[in-house]
Amino acid sequence: FRAFVEQRKHQKSQGRQVGPMTLFFGGRYSKTEYYYRDEFEAYEQEGIVKCCNAWSRDVAGKKVYVQHKIKEEEDSIWEQLGRPGSRGYFFLCGSKQPEKDV
């Protein structure tokens with residue numbers, strides 16, 4: 001997925017218009033599992049990608065999972081994937097048997 005983001009950055013730097021992109025990423029602890037944090041935060045500031053991260057163990061007593069972040073973004077997901085005429089794409093990475101809630 002990182003390569004998709006890098007390609008979009010290159011396209012944008014060449015003056016091409018790029019549409020919205022949202023990354024849902026989950027793990028237990030952000031300090032140890034937020035791979036390429038600096039890169040993705042920079043891409044987000046540049047408007048290349050919106051990062052919706054879910055960390056299930058960062059806050060004691062409050063487990064946040066990817067499905068919670070998807071629910072928070074349901075309107076924008078509908079705009080990109082469900083609305084008639086939408087042209088978005090959906091990629092699911094991770095376990096070959098994702099959680100049923102995702």
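**View 1. K71 and its partner E74.** K71 is exposed, with 54% relative accessible area (exposed means over 50%, buried under 20% and partly exposed in between, using a 1.4 Å probe on protein chains only). Its salt-bridge partner is E74, with the closest N and O atoms 3.0 Å apart; a salt bridge here is a side-chain nitrogen of Lys or Arg within 4 Å of a carboxyl oxygen of Asp or Glu. E74 comes in at 38%, so call this one partly exposed. Keep in mind that this is a predicted model: local features need pLDDT of at least 70, side-chain atom pairs count only at pLDDT 80 or more, and totals for chains, interfaces and linings use all residues. Residues are numbered from 1 along each chain as its sequence is written, and side-chain values use heavy atoms, leaving out hydrogens and water.

**View 2. The E73–K50 salt bridge.** Here N and O sit 2.9 Å apart. E73 is in the loop between α4 (66-72) and α5 (74-82), while K50 belongs to strand β2, so the contact ties together parts 23 residues apart in sequence (helices are DSSP runs of H or I with at least four residues, strands runs of E with at least two, numbered from the N terminus). E73 is buried at 13% relative accessibility, whereas K50 is partly exposed at 36%.

**View 3. K9 meets E46.** The closest N and O atoms of this salt bridge are 2.6 Å apart. The pair links distant parts of the chain, 37 residues apart: K9 is in helix α1 (residues 2-13) and E46 in the loop between α3 (37-45) and β2 (50-55). K9 is partly exposed at 31%, and E46 is partly exposed at 35%.

**View 4. A salt-bridge network.** R2, E6 and E39 are linked by salt bridges. The overall count is eight salt bridges.
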